[in-house]
Amino acid sequence: MFSFVKTASDPGSSARTGVISTDHGQIRTPIFMPVGTVGSVKGVYHRDLKEDIKAEIILGNTYHLYLRPGLDTLRAAGGLHKFENWDCPILTDSGGFQIFSLSQIRKITPEGCRFQSHIDGSRHLFTPENNVDTQRIIGADIMMALDECCPGDADRDYALKSLKLTQGWLERYSSRFEETEPLYGHEQTFFPIIQGCTWPDLRVMAAEHALEYSKVGIAIGGLAVGEPVEVMYEMLEVLDPVIPQDRARYLMGVGTPANILESIARGVDMFDCVMPTRNGRNGMLFTWNGIMNMRNAKWADDFTEIDPEGTSFVDHAYTRAYLHHLFIAGEMFAAMLASEHNLAFYLDLVRQARIHIENGDFTPWKEAAVKRITRRL
RNA sequence: GUGCGAUUAGUUCAGUUGGUAGAGCACCAGAUUGUGGUUCUGGGUGUCGUGGGUUCGAGCCCCACAUCGCACC
């Protein structure tokens, strides 16, 4: 029984709270979803994801999981939930973006997308139909439609052509979805994806078409791919009145903590981003007091807690000097601690947003928070 | 003890017919938005072992010394 229910709204903005119900439990929105591409949120135990970070849903990626371990293994394992031992909700990206970003050699046609594996160069074809089948085998609670991610600097002709292709794929994806069943006894839903690059009229056209295929939620794709951040916010403002209030809205791949608060203010409910984990692995920490680069020499003799306001146990168990040392020494523990901290911060960020939306003071709180979290320490 | 070779950035090493020095890694910073444990951008941090000599000018040529390595007594 899949549903999205809006529970509160902020008087000064488009921000709102809600609850998504799935067979694997509820998700409170706004929510941040840690990225676990190949069946692992890199460097973080599932136990810590639940108990320390308090993640409510994580991602997997169809492109990566299809290539490795492959569909035979996933089917034999009984789906991704069992395979990776995660009993909360999972969302899988379709792989459209990865073909765009990872595969050097790719050919997009109305039939689908031919590409070569970034791992071994082997040749593959994703069609809307086999993409549904693949995501059925993976068994994610929320599946994403196959789309073409349009570069942020594309011209209008390309953006329109790309959008038409995505729309054709969506129609076929939906048909296949309706004529197939979940394989593991829990319900699945799928989100269509709004493209249209940076043209407001294309975005509206894309949204109206995508909404015909949206039951629980809808995604906004093709943003934060090279366009100025103001343009991204403008696209959200264009889409906000077009999308009904009873659909969960997922802004794909975004973003910085400030991006997330600004997007919540413009009506977005769900986010995912590699930034807390990938940048964390490289020494970047996000905190309520600003951004720290733990590789910087200035932390070498700072024996205070990693983050005095942090909600993760690692924030109080270890010092900045120690974490700095681990990064300089190239220890994998550094990446683990930074990932744990950053994910806990991102989940705290959306939790605080929910609280202030429910309190009705989200807008002034957001203004002050953005100033704090964008500082450089 | 004798002979040969080496000595240049934190490190491993380049350095042309003599014109006051460069690269990789490390280090110091910056970037990173639906993840390849990355990748990209910028920064040279130096008593050229020491002391003399030749020369307008020496990392480079000559002498002595020091240290290290190899070979032979």
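In which loop does Ala 224 lie? Ala 224 lies in the loop between β13 and α9 (229-239), where helices (H or I, at least four residues) and strands (E, at least two) are DSSP runs numbered from the N terminus.

## Basis of the description

This is a predicted model, in which local features need pLDDT of at least 70 and side-chain atom pairs count only at pLDDT 80 or more, while totals for chains, interfaces and linings use all residues. Residues are numbered from 1 along each chain as its sequence is written, and chains are lettered from A and ligands numbered from 1 in the order in which they are written.

## The nonpolar core

The largest nonpolar core has 105 residues, such a core being a set of buried Ala, Val, Leu, Ile, Met, Phe, Trp, Tyr and Cys residues joined through C-beta atoms within 7 Å. A residue is called buried if 20 or more other C-beta atoms lie within 10 Å of its own, exposed if 12 or fewer, and partly exposed in between, with C-beta atoms placed from the backbone. Phe 32, Met 33, Ile 58, Phe 191, Ile 194, Ala 219 and Phe 271 have the most contacts inside this core, and helix α14 (residues 332-359) gives the most to it, with 13 residues. Because domain 1 (3-273) and domain 2 (274-377) both give residues to this core, it lies between them; the domain bounds come from an automatic or database domain assignment. In soluble globular proteins, nonpolar side chains tend to be buried together.

For Phe 191, the residues touched are Ile 142, Met 144, Ala 145, Ser 214, Gly 217, Ile 218, Ala 219 and Tyr 250, when residues up to four places away in sequence are not counted. Contact here requires that the two C-beta atoms, placed from the backbone, lie within 7 Å.

## The five-stranded sheet

Five strands form an open sheet in the order β4-β15-β14-β13-β12, with parallel pairing; two strands pair if DSSP finds at least two bridges between them. The edges are held by β4 (31-33) and β12 (193-194), and each has a single partner strand, so one side of each is left without a neighbour in the sheet. Two bridges join β12 to β13 in parallel, and Ile 193 stands opposite Ala 219 in β13.

Strand β13 (residues 217-220) is also joined in parallel to β14, by four bridges, and the bridge partner of Ile 218 in β14 is Arg 249. Within β14 (residues 248-251), Ala 248 and Tyr 250 point one way while Arg 249 and Leu 251 point the other way, and all are buried. In a regular strand the side chains alternate between the two faces of the sheet.

## The three-stranded sheet

A further open sheet consists of three strands in the order β7-β8-β9, with antiparallel pairing. Its edge strands are β7 (106-108) and β9 (123-126), each of which pairs on one side only. Neighbouring strands of this sheet are turned by 15 degrees against each other on average, direction ignored, where axes are lines fitted to C-alpha atoms, for helices over the stretch in contact, and angles run from 0 to 180 degrees between N-to-C directions. Four bridges join β8 (residues 113-116) to β9 in antiparallel fashion, and Cys 113 stands opposite Phe 126 in β9.

## Surroundings of RNA strand B

RNA strand B is surrounded by 46 residues, the closest being Cys 149, Gly 253, Gly 255, Val 274 and Thr 277; a residue is near a molecule or strand if its C-beta atom, placed from the backbone, lies within 6 Å of it. The elements that give two or more residues to the surface near RNA strand B are α5 (96-101), α11 (275-281) and α14, and the largest share, five residues, comes from α11.

Gly 255 is found in the loop between β14 and α10 (257-265), and the peptide bond from Val 254 to Gly 255 is cis, with omega near 5 degrees.

## Loops and backbone geometry

Another cis peptide bond runs from Arg 68 to Pro 69, with omega near 15 degrees, and Pro 69 is found in the loop between α2 and α3. Gly 70 is found in the loop between α2 (62-67) and α3 (71-77), and it counts as exposed because it has 12 C-beta neighbours inside 10 Å.

Asn 85, in the loop between α4 (80-84) and β6 (90-93), has a positive phi of about 60 degrees although it is not a glycine, and with 9 C-beta neighbours inside 10 Å it counts as exposed. Ala 224 has a positive phi of about 55 degrees although it is not a glycine, and with 19 C-beta neighbours inside 10 Å it counts as partly exposed.
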